[in-house]
Amino acid sequence: MIEDPIVAAGTGGDDEADRKVVEQERAELREFIKGLSADDIKSGDWFAKLIAEAMRSYTAKVDWRYFQERYAGVPADAVIDQRIKMAARYAALEGGLSAGAYTAAVVATLGSLGGASAATVPAAVATMMIDVAFITRLQLRLAYDIAVLYRIPLDLSDPEDMWKLIRVAFTIRSGEAAREGVAKAVPAIVRPLIKRFYSGDVLNAAKALPVVGRHLLQKNIIKIGIPLVGVPLAVMLNRYTTLLAGRHAQAVFRNEARVIELAGNLSERSRHPRLLLWVAWLVIMADKKITDDEALLMRHLVRLVRERHQVVDERLAHLVDIDPADVWERMDAEPGDLSDVLAAADRVAAVDGDVNKSEKAVISELRERCGRV
């Protein structure tokens, strides 16, 4: 994201100041585009290069302390809401600036990449790439901001964490939502064209960075490939897809923060940390299925029990099938009040939504045994 004029977002803002910020970003990206070759664009390799350029200096500066200094005491949800609105505002402004430079010649020149030298990019294509790179970088940094504000640990030097951020920022689900939402918002005459650009096996976008680069490039062509729509469509698409990307990142990272917070509360309140792990795993495996939220909860619960209580259960770590009888024996061996374990079981069962029949049966048995103790 751009430096931090968040105060202007959602409050009317200073149009001239915002425009200057956007133009400065476009000037930066113009220099980046100059360093690309025609092959970089055709292959989609521009995306990997943009990620390296976009996140290296940004992540060195923007971390939890960065936001604490500026918004100390403000709940994360409030800051995130404003940052999403700010990003959407910048995206709309940039869409207007880029679309004003688009002409029929730009559209025609897209096909010229095939005959261009590998070391050169036609000027008209560079115009389009500035627009694409701007929105790509904006949405990637917005997703990163949201993760930081929810205190989701991300190490972007770790390929797994980097790929996680990319999946959230340019998610397939977000793309599908954008396809449906955009199709409803624009004039009926252009809806078939928009659907065509968003259609296809979008799962391929998750296979490799160049594929993501080609996917992002393809879906941006609609802003300049539809005659007589021009600037209004570019403004609307930039703003709307950025809002969707931001809201999706907020939903994903907020849910992860919720699960991590639950793991922290369960660990902190537990008087029987080792038993807590066994009971939690028993509840999770009651229906023989593991949801993403359950897996996330267990991973952080194990970590926090190790850090706070110095408990590492190697037997549980190597377990293949959990036998309820083992858990009942462990409960019978624990003296005193086990209400903390029962309360934890209720919350573990509800972590991924409604408690199912199998989970209710396990909790009912737990309640009986806790009553006997």
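**Entry 1. Arg-65 and its partner**

I looked up Arg-65 first, and at 58% relative accessibility this residue counts as exposed, where exposed means over 50% relative accessible area, buried under 20% and partly exposed in between, with a 1.4 Å probe and protein chains only. Arg-65 forms a salt bridge with Asp-63, and the closest N and O atoms are 3.0 Å apart; the term stands for a side-chain nitrogen of Lys or Arg within 4 Å of a carboxyl oxygen of Asp or Glu. Asp-63, at 22% relative accessibility, counts as partly exposed.

I note that this is a predicted model, in which local features need pLDDT of at least 70 and side-chain atom pairs count only at pLDDT 80 or more, while totals for chains, interfaces and linings use all residues. Residues are numbered from 1 along each chain as its sequence is written, and side-chain values use heavy atoms, with hydrogens and water left out.

**Entry 2. Other salt bridges**

I searched the whole structure and found 21 salt bridges. Side chains of opposite charge can pair when their charged atoms come close. I looked up Arg-70, which forms a salt bridge with Glu-69 at 3.7 Å between the closest N and O atoms; Arg-70 is partly exposed at 39% relative accessibility, and Glu-69 is exposed with a relative accessible area of 65%.

I then turned to Lys-85, whose salt bridge with Asp-81 has its closest N and O atoms 3.1 Å apart. Lys-85 and Asp-81 are four residues apart in helix H5, so about one helical turn separates them; helices (H or I, at least four residues) and strands (E, at least two) are DSSP runs numbered from the N terminus. Lys-85 has a relative accessible area of 35% and is partly exposed. I also recorded that salt bridges with shared partners join Glu-25, Glu-28 and Arg-137 into one network.

**Entry 3. The fold as a whole**

I counted 19 helices and zero strands in the protein. Of its 373 residues, 50% count as buried. Among contacts between residues at least 6 apart in sequence, 82% join residues at least 24 apart, with contact taken as heavy atoms within 4.5 Å.

I looked up the second largest pocket, which has a volume of about 280 Å³. On a 1 Å grid over the protein atoms alone, a pocket is an open set of points where a 1.4 Å probe fits, with protein on both sides within 12 Å along at least five of seven lines, and lining residues have an atom within 4 Å of a point. Its lining residues include Ala-76, Tyr-150, Arg-151, Arg-254 and Glu-261. H13 provides the largest share of this lining, five residues. By class, the lining divides into six nonpolar, no polar and four charged residues.

**Entry 4. Positive phi values**

I returned to Arg-151, one of the residues that line the second largest pocket. Arg-151 is found in the loop between H7 and H8, and its phi is near 60 degrees, a positive value in a residue other than glycine. At 56% relative accessibility, Arg-151 counts as exposed. Most residues other than glycine have a negative phi.

I noted Lys-288 under this heading, with phi near 65 degrees, a positive value in a residue other than glycine. Lys-288 lies in the loop between helix H14 (273-284) and helix H15 (292-309), and counts as exposed at 69% relative accessibility.

**Entry 5. Lys-357**

I placed Lys-357 in helix H19 (residues 357-372), exposed with a relative accessible area of 74%. Lys-357 and Asp-287 are 70 residues apart along the chain, and their C-alpha atoms are separated by 8.3 Å.

Conventions
Points joined across faces, edges and corners; volume = space filled by probe spheres on them. Nonpolar A, V, L, I, M, F, W, Y, C, P; charged D, E, K, R; others polar.
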